[in-house]
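Hello,

Here is the structure we spoke about handing over. Please look through it first; my notes on it follow below.

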Amino acid sequence: MTLPIRIRPGAGDQSGTKYRTFCCYGNTRCGKTQFAATFPNPVFISDMSERGWVTLENMNVQDFYDPDREIVIVPVGDQAQVTIAMQHVEQWVRQGYFDTVVFDSLTFYAESWFNDQHQKMARAGTIDTRALYGAMGQHLSNLRTQVPKWPCTVVCTARASPPADKEEGGPMLSGKSKFRFAAGCDHIFYHRKYQHVFQDAPAEDGTVPAAYEATVFEAVTRNMPGYVVGGRDNGKIPDVVHYPTYRYIAECLGIAEFAPRPALPDALYEAARAALDKAPKAGGAPTAAPATAAAAAPTQAKASSTPPARTRAR
């Protein structure tokens, strides 16, 4: 995007960018990671303890934007690894290998950063919790402003913090960070799931099939009482989207199709792997090199005798 931008009222998108920022939050196992995996040409920076990449390994192949493309995942366990991962991922994005960067999840990332800084304070003999929370808020603010400058879409997932003390629910981040971080995103979605009993139409002979229960996954994009949701789309996206995917969101927003990207060269991946291997843990020991994972290939999907109509989010 080139600045300044001249906007003619009523003429639609004139900034010339198809990249957006998304904050997707909700309770555990409600489809956040699965939704993020449907974005075009993604690379994931994923928390090691949460292991969100297992979701990708078990998704329906057809849910991916490009079923034939490998999904690169960089698992991280502490602040040192996050810093290294971001340096390499930014390089990959600017070299044209990816169109989407996913932070999965922001809640675990914030906790990791807080714990690292708390340990440093403890070793120094002074722990100032108030200052620590303030520093974390500033750090998340820097993250929110720096990464969207990359030429890519950014998706941040997070756990949900429920409404409390006349305060709306939002991403599970400490203090006012949950509102400040979300406010800087183009779209804030609340993800949820519930059980629903379905009844198919009778057969031609009048036979009524048995009712069945299934899990419904939804993304609430606006008008969610008690929770922070919304977007800069002026109502182009429905208030509630069932089984959300990026393709559907892009159709609503009028975003053009993304072209295929070249695969990440092995040399670049191995360089990042080596750097992460040398990153010290909070306690000083070297970390184990993270592995990347790939999207389930079409042959993997066929290995299941009866693949589900829609993959169960993990």
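**Strand E7 and its partners**

Strand E7 and strand E8 (residues 212-220) run antiparallel and are joined by nine bridges. Please bear in mind that this is a predicted model. Within that pairing, His191 has Ala219 of E8 as its bridge partner. E7 also pairs with strand E9 (residues 230-231), again in the antiparallel sense, over two bridges; there Ile188 stands opposite Gly230. With E1 the sense is parallel, and the pairing covers five bridges. In that pairing, His187 of E7 stands opposite Phe22.

His191 itself lies in E7. Its relative accessibility is 1%, so His191 counts as buried. Leaving out residues up to four places away in sequence, His191 touches Cys24, Tyr25, Gly26, Asn27, Cys30, Gly31, Lys32, Phe35, Glu218, Ala219 and Pro244.

**Helix H7**

E7 comes up again with helix H7. The buried residues of H7 (residues 246-253) are Tyr246, Ile249, Ala250, Cys252 and Leu253. These residues lie on the same side of H7, because the arc they cover around the axis is only 160°. They pack against strand E1 (21-26), helix H1 (32-37), strand E7 (187-198) and strand E10 (240-242). Just after H7 comes Gly254, with a positive phi of about 75°.

**Helices H3 and H4**

Two packed helices are described by the angle between their axes and the distance between the axes. For helix H3 (residues 79-94) and helix H4 (residues 106-124), the axes come within 9 Å and cross at roughly 125°. H3 and H4 are therefore oblique to each other. On the H3 side the contact is made by Gln79, Ala80 and Val82, and on the H4 side by Tyr109, Ser112, Trp113 and Asp116. By class, four residues in this contact of H3 with H4 are nonpolar, two are polar and one is charged.

**Glu50**

The last item is a loop residue. Glu50 sits between strand E2 (42-47) and helix H2 (53-57). Its relative accessibility is 24%, so Glu50 counts as partly exposed. What does Glu50 contact, once neighbours within four places in sequence are left aside? The residues are Asp104, Ser105 and Phe108. Glu50 is also 9.6 Å from Pro75, C-alpha to C-alpha, with the two 25 residues apart in sequence.

Regards

Notes: Residues are numbered from 1 along each chain as its sequence is written. This is a predicted model: local features need pLDDT of at least 70, side-chain atom pairs count only at pLDDT 80 or more; totals for chains, interfaces and linings use all residues. Side-chain values use heavy atoms; hydrogens and water are left out. Axes are lines fitted to C-alpha atoms, for helices over the stretch in contact, and angles run from 0 to 180 degrees between N-to-C directions. Helices (H or I, at least four residues) and strands (E, at least two) are DSSP runs, numbered from the N terminus. Angles under 35 degrees count as roughly parallel, over 145 as roughly antiparallel, 65 to 115 as roughly perpendicular and the rest as oblique. Contact means heavy atoms within 4.5 Å. Ala, Val, Leu, Ile, Met, Phe, Trp, Tyr, Cys and Pro count as nonpolar, Asp, Glu, Lys and Arg as charged, and the others, Gly among them, as polar. Buried means under 20% relative accessible area, exposed over 50%, partly exposed in between (1.4 Å probe, protein chains only). The arc is that of the directions from the helix axis to the C-beta atoms. Two strands pair if DSSP finds at least two bridges between them.
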